[in-house]
Amino acid sequence: MHRSLLLLLITSLFGKVYSQHACHGVVTDVDGKPLEFVAVMLTNVADSSQFIGTATDANGRFEFSTVNYPSFFIKATVVGYKDASSAV
């Protein structure tokens, strides 16, 4: 049985400084418990072959400090949970 994964983006900061953006947040389960070692990937909407990825820390936090995509999809995956994704 796969449990639901809740992807909670705490903050997404979009700026025009050199066309770079920042995105960070926390991944939790449906009970609000932070999840560690979740793979988080950003994919460029215009070209899905362009992507960057990271993993959450012990507190479920992740951060992308320099995102060069004007718009992107974010996806979180971890064993035992359903994937969560969203357009940002």
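1. Where is N59 found? N59 sits in the loop between β4 and β5; strands here are DSSP runs of E with at least two residues, and helices are runs of H or I with at least four, numbered from the N terminus. At 42% relative accessibility, N59 counts as partly exposed (buried means under 20% relative accessible area, exposed over 50%, partly exposed in between, with a 1.4 Å probe and protein chains only). Setting aside residues up to four places away in sequence, N59 touches V26 and P34, where contact means heavy atoms within 4.5 Å. N59 and T28 are 31 residues apart in sequence, yet 9.1 Å apart in space, C-alpha to C-alpha.

2. A word on what you are looking at. This is a predicted model, in which local features need pLDDT of at least 70, side-chain atom pairs count only at pLDDT 80 or more, and totals for chains, interfaces and linings use all residues. Residues are numbered from 1 along each chain as its sequence is written, and side-chain values use heavy atoms, with hydrogens and water left out.

3. Please keep an eye on confidence. The chain averages a pLDDT of 79, and 77% of the residues score at least 70; pLDDT is the predictor's confidence in each residue, from 0 to 100. Strand β1 (residues 5-14) has the lowest confidence, at a mean of 46, whereas strand β4 (residues 51-55) has the highest, at 92. Over residues 8-18 pLDDT stays under 50, and the model has 24 contacts beyond four places in sequence for them. Where pLDDT is low, the predicted coordinates should not be read in detail.

4. Now the overall make-up. The chain has seven strands and zero helices. Of its 88 residues, 31% are buried. Among contacts between residues at least 6 apart in sequence, 52% join residues at least 24 apart.

5. Which strands form the open sheet, and in what order? Four strands do so, in the order β4-β3-β6-β7, with antiparallel pairing (two strands pair if DSSP finds at least two bridges between them). β4 and β7 (84-87) stand at the edges with a single partner strand each, so one side of each is left without a neighbour in the sheet. Within the sheet, β3 and β6 pair in the antiparallel sense over six bridges, and L42 stands opposite I74 in β6.

6. Is T43 buried or exposed? T43 counts as buried because its relative accessibility is 13%. Beyond its neighbours within four places in sequence, T43 is in contact with residues including S48, F51, Y69 and F73.

7. Next, β2 and its partner. Eight of the nine residues of β2 are buried, so β2 is largely enclosed by the rest of the structure. Five bridges join β2 to β5, and the two run antiparallel; G25 has F62 in β5 as its bridge partner.

8. Finally, the core. The largest nonpolar core has 14 residues, and V27, V40 and F62 have the most contacts inside it; such a core is a set of buried Ala, Val, Leu, Ile, Met, Phe, Trp, Tyr and Cys residues joined through side-chain atoms within 4.5 Å. The elements that give two or more residues to this core are β2 (21-29), β3 (39-44), β5 (61-67) and β6 (72-77). Not counting residues up to four places away in sequence, V40 touches several residues, among them V27, I52, F62, F64 and I74.
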